[in-house]
Amino acid sequence: MTDAAHMALWESLDLDIPAHDALLAVLGKFYGDIYLSQQGRLKGAEYLDFVLSEVHGLRIKEIQDTKATGKKVVGTFCVFVPEELTLAADAIQVGLCAGAKAGTEKAETLVPRNTCDLIKSFVGFKLARLCPYTESCDLIVGETTCDGKKKAYEAFGEHVPMHVMEVPQCKGPCDRDLFRAELTRYKDALEKLTGNTITAASLAAATKVVNAKRQALQRLARLRSADPAPISGRDALLVNQISFYDDPVRFTAKINELCDEMEARIKAGQGVAPSGTPRLLLAGCPMAVPNWKLPYLIESSGAVIVGEESCIGERNTRDFTDETPTDLDGMLDALTDRYMKIDCACFTPNTERLDHIAALAKELKADGVIHYGLLFCQPYAHEALKVGKAMAAAGLPYLAIETDYGMVDAGQLKTRVEAFVETLS
Ligand code: SF4
Ligand code: SF4
């Protein structure tokens, strides 16, 4: 797209053009330093570079063109919002980035200062008119996964059209019933928004699309168990981040191509880092675009990240939705069962997450685990302590890091990560 076309698009969405220009300039520099500087990248990473370079351009144009044909756009912040239902209503689902410090001052007029950066970021992007995805949404779906989010949505809902889903805190039979009812309520909201009825046929087709995407991401995740690691943690994170906003069918095809290339590399004994490089599993809070600080610090400290136990990673892709039911009720039951397996830190108790982290570290032949928690995130801060104990029991070296989206602590974090990596080599 030409510069003039980009500008016209952003103006039509009423973005704050000077502030948006400044944001893109920072993002471009950040991307160059963190991504383009990598050695030995896969050829398929060109797709990632292209999508990122046009993240506020071509994909937005595509979304706007589709909107002109009458399709609706639904924005989400959490993997508890089933893309299967959104697609079955013939709507587009986009994960709204909340990975940068932007509009913080404005955000703090709506949410308390001691709120995690993820929440401040999505509020700030909206109030500062910086995000073309948020401005393209016909509906934004929130969920009650933590107190910070559920209170923020009350205030945020005064600025955007919102639907809030209740996500239970436990996993007993009555909690499952509650979530099943919430899926029906979301289905009704989508039907009202789009004017389309969700049928067994449309839900079955959508489930296939979403499962195929998960299959490609799982394939990529499995290939990372090879030594030398065939892809950097940064690129793998980007793949997971892009999975939230690119067209799902195109994305799946591209990731399968990337996996073919990874398989060829593994066969040839090639990788992004020499064999024997310390391998780390990153666990914890999700990392939305452009939250690349910690992965960069880790991979520039002599280690390679081989997996992400995160919602932008394994936690989101581990489970498929059962495709065997043929009636709508059975399919909604299958969706309920699939989504209730997510081991978000908002659940109590949540021991399955501890088991999953240890199993994943073993499967990926990780030498250690780094837990990433966002400052002011209560659920993951509590779990960081539990994960530490579980890793000690499993004999896995462990480091817990709490940080925000700012760069002030980058030097201090690097020192801690380097010291940790040294103990592994
Ligand atoms: S960590 Fe929990 S609240 Fe956050 S995206 Fe994942 S499931 Fe949703
Ligand atoms: S990072 Fe923690 S506090 Fe922030 S929205 Fe997610 S669960 Fe809530």
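**Strand β3 and its neighbours**

Strand β3 and strand β4 (residues 162-165) run parallel, joined by 4 bridges (strands pair if DSSP finds at least two bridges between them). This is a predicted model: local features need pLDDT of at least 70, side-chain atom pairs count only at pLDDT 80 or more, and totals for chains, interfaces and linings use all residues. Residues are numbered from 1 along each chain as its sequence is written, and side-chain values use heavy atoms, with hydrogens and water left out.

**Around β3**
- Helices (H or I, at least four residues) and strands (E, at least two) are DSSP runs, numbered from the N terminus.
- β3 (residues 139-143) is largely enclosed by the rest of the structure, because 5 of its 5 residues are buried (under 20% relative accessible area, 1.4 Å probe, protein chains only).
- Leu-139, Val-141 and Glu-143 are buried on one side, Ile-140 and Gly-142 on the other.
- β1 (residues 73-76) pairs with β3 too, in the parallel sense over 3 bridges.
- Val-141 is the bridge partner of Thr-76 and also stands opposite His-163 in β4.

**Helix α10**
- Next comes Gly-195, with a positive phi near 80°.

**Ligand 1**
- Residues around ligand 1 include Cys-78, Lys-149 and Arg-315 (a heavy atom within 4 Å).

Technical notes
Chains lettered and ligands numbered in written order. Buried < 20%, exposed > 50% of the residue type's maximum accessible area, 1.4 Å probe, protein only.
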